[in-house]
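Reader: I have the sequence and the model open side by side. Could you walk me through it with a few questions and answers?

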Amino acid sequence: MSFTVALVGRPNVGKSTLFNRLAGKKLALVDDTPGVTRDWRSAPARVGGLSFTVVDTAGLEDVTDDSLEARMRRQTERALERADVALFIVDARSGITPLDRHFAALLRKSKTPVILVANKAEGKVGMTGLYEAFELGLGDPLALSAEHGEGMADLVEALLPYAPPEPEAVETAPAPLKGENGEELPVGDQPETDEERARPIQIAIVGRPNVGKSTLLNALIGEERVLTGPEAGMTRDAISVDWEWRGRKFRLVDTAGMRRRARVDAKVEKLAVADALRVVRMAQVVLLVVDANQILDKQDLTIARTVVEEGRALVIALNKWDAVDDRAMALRQVEDKLQAALAQIKGVEVVTISALQGKKLDTLLDSILSTYGQWNRRIPTAQLNRWIEGVLDHHPPPLVEGRRVKIRYATQVKTRPPTVALFVNKPLDLPESYQRYLIAHLRETFDLPGVPVRLLLRKQKNPYADD
């Protein structure tokens, strides 16, 4: 069992720095610019033997209209309602501000217990602000330095009363799975077990700014989990949401819009794009959201190529399809651009949707599951060797300096993405054009559309050959 700790306070008091400290990773973007964090995000934390979920929130602003700041405040209030305890963070260096007093008064009326934290309290500079914090009426302030890790033991002690008793966990090592020839398979290459099937599928939602990524995430889970609006570049931090559909678990990660590198000037935007690329590398399926009125421009195709190079499964969602007039023409444009720019992953799933109206979301999820299954596909060694024999009979490798490269054996050495090793007598002499032909033929023979397929050339004796 675990409990949830929400970090709240006005902008630029160090909430995201403390979030990263508790999570043990640099997950949240940190910058001196106030208001970097806009959506609340959560992560598992373990400090001093205490395990809990920590939630980073946007800075509290005294606004209640429909502005961006007001929408950020409402998101923070939702996170606060779901938390078991809140850490109200003030800046000990700056001292207590009228905004601190305003929100302290609101928190005193909240049903969620509150622990007052005076951050940036290292050295003598923060002592004045620490003493001022007593006037907020939230109990004794806890002196802390999130940046330097000071005061963490006191924080753990303050959180202990809210921690439920944890049952003793008994860890058992899973029995290794065997391949068809009796060999033990490496952990990363074993077929998906029931336990792995119970784990959430990691889905990164990526695309250019203002194509509807956050709207799509909200539509899928059925609640206003992340901020949306007409402003481009709304999302900055990568926001992760666990969700279940038809008995299958998903972890959806909304990312910042990725513009062309030449157009990215602001430091915060550079950090946000770097965070989005990190999410792509960690994902299993990448959902590229494209504005159907600006189909697959240069930046869309650059993102798609990055996904393929990272070996991730790719699904393309044509959003705002309800606003497209000539739909047949739009689909032809998509097909032509994919054929020209992404021929190496022929057959990518393309789904037309309207995130705002919630149309064809089930179709999109079916495509994600189908592509994920292909990405995890394992082909028996016997079938691969029958395939390579047929290929060699029909189209043998070209001659190199008057001699033909001999392909002796084929086996799949990895999934995610499917990776096949070819054992040849001269790996360096097999032309790249022939390797591309083999990959295309392999994809067609074993029905592997839309996912990267990799070929490894190895020089090794055929295990089935006689001594």
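**Salt bridges and strands**

Author: Happy to; this is a predicted model. Let us start with a pair of residues: arginine 10 and aspartate 100 are both buried.

Reader: How far apart in sequence are the parts that arginine 10 and aspartate 100 tie together?

Author: The side chains of these two residues, arginine 10 and aspartate 100, meet in a salt bridge, at 3.1 Å from N to O. Arginine 10 sits in the loop between strand 1 (4–8) and helix 1 (15–23), while aspartate 100 belongs to helix 3 (residues 98–108), so the parts they tie together are separated in sequence by 90 residues.

Reader: Nice. Which residue meets glutamate 135 in a salt bridge?

Author: The partner also has a side chain in the pair, with an N to O distance of 2.6 Å. Glutamate 135 is in the loop between helix 4 (127–132) and strand 6 (142–143), and its partner is in helix 3, 34 residues apart, so to speak a link between distant parts of the chain. The residue that meets glutamate 135 is arginine 101.

Reader: Is glutamate 135 buried, exposed or partly exposed?

Author: Buried ends at 20% and exposed begins over 50%, with partly exposed in between. Arginine 101, at 36% relative accessibility, falls in the middle class. Glutamate 135 has 48% relative accessibility, so this residue counts as partly exposed.

Reader: Which residue forms a salt bridge with aspartate 300?

Author: The closest N and O atoms of this pair are 3.1 Å apart. Aspartate 300 lies in helix 9 (residues 298–309) and the partner in the loop between strand 7 (201–206) and helix 7 (213–221), so parts that are 92 residues apart in sequence are tied together. The partner of aspartate 300 is arginine 208.

Reader: Which residue is linked with Arg208 and Asp300 in a network of salt bridges?

Author: Arg208 and Asp300 form a salt bridge with each other. The network has one further member, Asp297.

Reader: How many salt bridges does the count come to?

Author: Those discussed here include arginine 10 with aspartate 100 and glutamate 135 with arginine 101. By the rule used, the count comes to eleven.

Reader: With which side chain does aspartate 291 make a polar contact?

Author: Aspartate 291 lies in strand 10 (residues 285–291) and is buried, at 8% relative accessible area. Its contacts beyond four places in sequence are Arg208, Val211, Asn319 and Lys320. The polar contact, at 3.5 Å, is with the side chain of lysine 320.

Reader: Turning to the strands, what is the handedness of the β-α-β unit made by strand 11, helix 10 and strand 12?

Author: Strand 11 (residues 313–319) and strand 12 (residues 349–352) run parallel and are joined by four bridges. One of the bridge pairs is alanine 317 with valine 351. With helix 10 (residues 327–341), the two strands make a unit that is right-handed.

Reader: And how far is the C-alpha atom of valine 348 from that of isoleucine 316?

Author: Valine 348 lies in the loop between helix 10 and strand 12 and is buried, with a relative accessible area of 11%. Among the residues valine 348 touches are Leu314, Ile316 and Gly450. Valine 348 and isoleucine 316 are 32 residues apart along the chain, yet their C-alpha atoms are separated by 7.4 Å.

Terms used. Residues are numbered from 1 along each chain as its sequence is written. This is a predicted model: local features need pLDDT of at least 70, side-chain atom pairs count only at pLDDT 80 or more; totals for chains, interfaces and linings use all residues. Side-chain values use heavy atoms; hydrogens and water are left out. Two strands pair if DSSP finds at least two bridges between them. A crossover is right-handed if, with the strands pointing away from the viewer, the path from the first strand over the helix to the second runs clockwise. Buried means under 20% relative accessible area, exposed over 50%, partly exposed in between (1.4 Å probe, protein chains only). Contact means heavy atoms within 4.5 Å. A polar contact is a pair of N or O atoms within 3.5 Å; within protein, one must be able to donate a hydrogen and the other to accept it, and residues adjacent in sequence count only if both atoms are side-chain atoms. A salt bridge is a side-chain nitrogen of Lys or Arg within 4 Å of a carboxyl oxygen of Asp or Glu.
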